[in-house]
Amino acid sequence: MFFLSTFAPVIRTTMEKELLRPDYIFESSWEVCNKVGGIYTVLSSRAKTLQDMMKDRVIFIGPDFWKKKESPYFSEDKALLADWRKQAVADGLTVRVGRWTVPGNPIAVLVDFEPFFKKKNEIYTWLWEHYQVDSLHAYGDYDEASMFSYAAALVVESMYHFFVESGTFDHTNSGALDHTAKVIYHANEWMCGLGALYINNKLPQIGTVFTTHATSIGRSIAGNQKPLYDYLFAYNGDQMADELNMQSKHSIEKQTALHVDCFTTVSDITANECKELLDKPVDLVLPNGFDNSFVPQSAATFTKKRKAARKRLLSVANALLGEDLNDDTLIVSTSGRYEFRNKGIDVFVEAMNRLLRDRELKKKVVAFIEVPGWVGEPRKDLQDRLRALEAYEKGKAEKPVFDTSLEVPQITHWLHNMSHDNVLGMMKYYDMHNRKDEQVKVIFLPCYLDGKDGIVNMTYYDVVLGNDLCIYPSYYEPWGYTPLEAIAFKVPCITTDLAGFGLWANRVFGKYGEIEDGVKVIHRTDYNYSEVADAIKDTVADYSNLPKKSIDAARKHAEALSHKALWSEFIKYYEQAYDLALRKAALRPLS
């Protein structure tokens with residue numbers, strides 16, 4: 001296995017003064033002000049650290065899906081960059097400028113990319129002629145992402161020329177943007193590759209950084225039930241792209257990796273994947289840090305929130321199951337995107353099924369699967385029971401008695417595809433029906449926990465701290481924010497060494513992590529699914545037997561480990577990437 005030190009250069013204090021530092025950073029991503037996945041967490045949590053370093057000289061560019069509607073992630077400010085906005089209109093761009101409503105409140109530019117679809121063939125022709133990117137096999141989100149990427153690059157081009165020619169930067173007192181300014185363009189994922197290549201070609205004086213958070217072809221190999229790791233050395237990325245109908249996404253990702261000034265990824269395990277599948281070793285590994293500013297800092301507030309989360313989760317479970325589970329119940333969960341195999345949801349269900357028959361289990365367990373499926377609506381019968389409980393708690397009614405479970409007591413929201421859902425199908429196959437005499441109950445919560453789901457009505461960060469254990473047995477996980485988030489809220493977790501975070505935790509520990517360390521890291525391969533399920537089952541059973549003193553120690557160790565993954569610790573790798581890109585750009589002849 002690789003560790004971060006394999007690819008990430010050690011930055012010595014004596015060398016820090018030699019680093020070239022950017023005066024301005026433009027960073028684009030499909031997930032800027034658009035909360036759809038883990039990259040949103042990467043960028044939004046890093047924003048505050050960058051803002052602290054270079055106030056308002058970091059500009060994020062994202063897609064404008066909201067247009068004139070109010071966005072929960074973006075606050076428009078028509079006075080911000082007002083002079084340039086007039087030029088943007090003249091350049092054929094429809095943009096909104098404001099602040100990303102995350103810690104640090106960085107400047108964000110949202111661009112409408114739909115007008116560029118009419119130029120799609122012309123854009124793809126240019127891309128082929130200059131970089132041999134194959135867009136002929138494009139389908140689905142490739143076109144949408146490419147038009148956004150192109151539009152984002154035009155925003156940077158327009159802004160750069162406008163402010164260089166004026167010699168100013170018209171907001172706050174951030175200083176001039178002129179020909180001597182050191183500028184970085186940072187593109188995230190294949191979706192922004194086209195823009196990075198455009199900047200590389202049209203503005204060679206700008207240093208380009210490209211981060212793949214997971215290779216498109218590697219994720220596809222894993223998601224198609226093919227063994228990724230044992231055969232990685234033998235796979236040909238181009239050949240696999242043909243086989244899996246991933247030619248266009250793979251092509252833009254590979255050509256961007258080959259042509260940018262600094263090619264990066266988020267972990268050593270994905271760096272190896274890049275070398276084998278993209279035929280380009282990464283220049284640097286940029287591990288994903290964390291901003292813990294939203295973790296309750298006072299013990300009283302934390303305890304209050306934890307009690308509230310546990311109370312709500314147990315109320316949902318009791319109402320659904322017709323049970324009377326008390327606070328001594330062990331609450332465990334898994335969460336993330338609904339990638340059934342890649343995220344290890346299958347092995348989580350397997351482990352809970354085996355736990356049903358484990359004689360070492362000393363507590364009742366309620367296990368939540370918090371992954372967004374094709375959700376229809378919250379269950380009205382469950383809502384009715386929860387309202388009855390709430391009325392009792394407010395002293396407006398007598399305590400309701402639920403002695404029978406609701407129909408289909410495995411799920412909180414109805415799905416559009418109930419008969420074809422992977423989680424429900426696996427539970428049905430194993431005859432897991434949350435019967436009263438069973439110690440382990442598994443509940444599928446198939447929606448985004450945004451505080452408005454109709455059942456839990458709490459945000460994910462307000463829910464996660466109510467857990468006793470979090471379990472993320474990933475098969476394909478370039479980094480892994482969910483375990484990092486768990487330990488930041490003092491919740492010990494289980495992960496694997498096929499997750500970048502798991503590898504990093506092992507490196508910090510100097511050994512394979514155990515649950516007493518705050519993170520249990522299980523060795524996982526292409527073929528040891530059963531052993532992983534048993535390891536999870538055994539760990540949960542063992543945890544149910546731990547005395548309070550040992551549990552408190554594990555929680556403290558979890559929190560301590562999370563502090564070592566703060567952005568204040570990891571931002572140095574980004575500084576190294578900026579330095580490398582700027583040095584390469586300085587050697588490039590201007591056209």
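What follows is a short chat about a predicted model.

Q: What kind of model is this, and which pLDDT limits apply?
A: It is predicted: local features need pLDDT of at least 70, side-chain atom pairs count only at pLDDT 80 or more, and totals for chains, interfaces and linings use all residues. Residues are numbered from 1 along each chain as its sequence is written, and side-chain values use heavy atoms, with hydrogens and water left out.

Q: In what order do the nine strands of the open sheet run?
A: The order is S3-S4-S5-S2-S1-S6-S7-S8-S9, with mixed pairing. Two strands pair if DSSP finds at least two bridges between them. Helices (H or I, at least four residues) and strands (E, at least two) are DSSP runs, numbered from the N terminus.

Q: Which strands stand at the edges?
A: Strand S3 (74-76) and strand S9 (284-285); each has a single partner strand, so one side of each is left without a neighbour in the sheet.

Q: How many bridges join S2 and S5?
A: Five, in the parallel sense, between S2 (residues 58-63) and S5 (residues 107-111). Gly62 has Leu110 in S5 as its bridge partner.

Q: Switching to helices. Which residues of H14 are buried?
A: In H14 (residues 422-429), Val423, Leu424, Met426 and Met427 are buried. They cover an arc of only 165° around the axis, which puts them on the same side of H14. The arc is that of the directions from the helix axis to the C-beta atoms. Buried means under 20% relative accessible area, exposed over 50%, and partly exposed in between (1.4 Å probe, protein chains only).

Q: And what is on the other side of H14?
A: Lys428 and Tyr429, both exposed.

Q: What do the buried residues of H14 pack against?
A: Helix H12 (345-355), strand S11 (365-370), strand S13 (413-415), strand S14 (440-444) and helix H18 (529-545). Contact means heavy atoms within 4.5 Å.

Q: How many residues of H12 are buried?
A: 11 of the 11, so H12 is largely enclosed by the rest of the structure. What covers them includes S10, S11, H14, S14, strand S15 (469-471) and H18.

Q: Is S11 covered on one face or both?
A: Both: Val365, Ala367 and Ile369 are buried on one side, and Val366, Phe368 and Glu370 on the other. In a regular strand the side chains alternate between the two faces of the sheet.

Q: Which strand pairs with S11 over six bridges?
A: S10 (residues 330-335), in the parallel sense. Ser333 has Phe368 in S11 as its bridge partner.

Q: What classes are in the lining of the second largest pocket?
A: Five nonpolar, two polar and 11 charged. Ala, Val, Leu, Ile, Met, Phe, Trp, Tyr, Cys and Pro count as nonpolar, Asp, Glu, Lys and Arg as charged, and the others, Gly among them, as polar.
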